[in-house]
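Subject: Structure handover

Hello,

Here is the structure I promised to pass on. My notes follow below it.

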Amino acid sequence: MRFACFAKSSRKSLMISNEVGYNSKVEGEVIVTRADSVINWIRKHSVWPMPMGLACCAIELMASAASRYDISRFGMEVMRFSPRQSDCMIVAGTVTYKMAEVVRRIYDQMGDPKWVVAMGACASTGGMYRSYAVMQGVDNVVPVDVYVSGCPPRPEALLDAMMKLQGKIGNESSVKNLSKKPESTGVS
Amino acid sequence: MIDDDFVKALLEGRDFISVKHRDDCLTLDCLPDSLIGFCKHLRDDQTFDLLVDLTAVDHGEEADSRFQVVLHLYSLIHKSYVRLHVACPDNQSPSIPSISSVFPAANWHERETFDMFGIKFSDHPNLKRILMWDDYPYFPLRKEFPLAGIEVPLPAADVAEVTGADVDPAPMMGGPFVASGNGRMSEAEPRAKDESWTEESEKPL
């Protein structure tokens with residue numbers, strides 16, 4: 001009985017402190033908003049990454065998933081190695097010409113909506129590899145949303161990039177895009 | 001131990017090998033036709049049973065024998081190395097016998113050497129490219145091949161069609177990025193040597 005009372009009082013204080021947000025006393029059980037906002041809000045807090053780990057950047061990617069940097073604070077801890085289940089391909093490492101084909105195919109296998117983060121100097125521009133074997137930037141084969149500098153970038157930099165991506169997702173016209181026909185890629 | 005007596009005994013009755021003077025380890029020139037037999041002898045009778053490395057050197061188009069395959073063998077008993085130099089007889093289509101039947105570890109090394117230098121290893125069980133894709137038309141570690149690469153189509157035609165991408169020569173602005181090879185390590189590290197030109201302004205002739 002005492003426990004129930006305590007729970008009730010703490011709930012009351014919570015409601016008072018949250019009055020700037022949703023207030024069930026004022027609004028009942030209805031929230032009025034725009035569909036874009038809701039869809040984007042859902043999307044940006046459940047970005048499941050496709051870890052395209054190709055070099056040492058992948059180690060930093062793993063570090064950002066571990067407890068110290070904890071990418072799950074942003075709802076992105078669900079690294080999916082199957083492209084069909086993932087939303088954001090993080091290209092972490094050196095993209096060789098031989099691998100570029102694979103990167104593109106995996107990108108095409110991801111379901112819409114999808115985003116790409118080029119993590120590190122190599123994925124962004126080829127980095128220090130000015131050579132016959134290395135593609136000078138993964139944006140030659142896939143559209144990149146966020147570029148991260150660094151060789152390799154620290155986990156904070158990747159988290160910053162993912163937050164930038166969240167901002168980008170938040171500004172998309174998702175409802176309009178729902179009825180848009182997906183671009184034919186021709187590669188599968 | 002590798003000493004003069006050992007080398008003397010090794011040379012005896014084998015006119016297909018000759019000693020080269022190197023400071024670090026015993027180095028022998030070997031004729032390609034006798035390579036397999038000699039490797040077997042080194043492995044079975046002289047305990048050099050560990051193939052450490054197999055690679056090649058391109059001495060340039062003017063050299064008499066342009067391509068030279070280099071093998072390093074190690075003996076865990078003697079605790080020392082033997083280096084074999086095998087000069088490829090034909091500069092146009094270099095070829096030597098494969099030693100993957102003696103050292104199975106040579107299989108991928110020979111594929112890499114074939115991939116990078118175009119040296120054929122006869123009787124190799126699976127001689128195809130290992131690093132570059134199968135249709136790649138050049139041998140990147142040959143002297144005449146530019147560091148930046150040569151324009152060719154992407155390995156996957158459908159990806160190339162959709163993306164418009166192809167294999168381009170890498171930008172060499174500020175390059176080449178080479179180590180000077182002398183001085184302190186902090187000064188000798190690879191860095192841009194030629195900053196007289198950029199992507200926008202042509203390299204002065």
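How many bridges join β1(A) to strand β2 (residues 88–92) of chain A? The two strands run parallel and are joined by 5 bridges. A:G53 stands opposite A:A92 in β2(A).

Some ground rules. This is a predicted model, in which local features need pLDDT of at least 70 and side-chain atom pairs count only at pLDDT 80 or more, while totals for chains, interfaces and linings use all residues. Residues are numbered from 1 along each chain as its sequence is written, and chains are lettered from A and ligands numbered from 1 in the order in which they are written. Helices (H or I, at least four residues) and strands (E, at least two) are DSSP runs, numbered from the N terminus.

Chain A, sheet. The order is β1-β2-β3-β4, an open sheet of 4 parallel strands. Strands pair if DSSP finds at least two bridges between them. β1 (49–53) and β4 (146–148) of chain A have a single partner strand each, so one side of each has no neighbour in the sheet. Neighbouring strands are turned by 15° on average, direction ignored.

Chain A, helices. α7(A) lies across β2, β3 (115–119) and β4 of chain A, at about 170° to β4(A). Angles run from 0 to 180 degrees between N-to-C directions, with axes fitted to C-alpha atoms, for helices over the stretch in contact. Helix α4 (residues 57–65) of chain A packs on helix α7 (residues 155–170) of chain A at about 75°, with axes 9 Å apart. The pair is therefore roughly perpendicular (65 to 115 degrees). α4(A) contributes A:E60, A:L61, A:A63 and A:S64, and α7(A) contributes A:P155, A:L158 and A:L159. Contact means C-beta atoms, placed from the backbone, within 7 Å.

Chain A, confidence. Mean pLDDT (the predictor's confidence in each residue, from 0 to 100) is 82 for chain A, and 84% of its residues reach 70 or more. Residues 1–19 of chain A stay under 50, with 0 contacts beyond four places in sequence. Where pLDDT is low, predicted coordinates should not be read in detail.

Chain B. Its open sheet has 5 strands in the order β1-β2-β5-β4-β3, with mixed pairing. The edges are β1 (17–20) and β3 (50–58) of chain B. Strand β2 (residues 26–30) of chain B pairs with strand β5 (residues 80–87) of chain B in the parallel sense, over 5 bridges. There, B:L28 has B:L84 as its bridge partner.

Interface. Chain A gives 16 residues to the contact and chain B gives 21.

Best wishes

Key:
Parallel < 35°, antiparallel > 145°, perpendicular 65-115°, else oblique. Contact = placed C-beta atoms within 7 Å.
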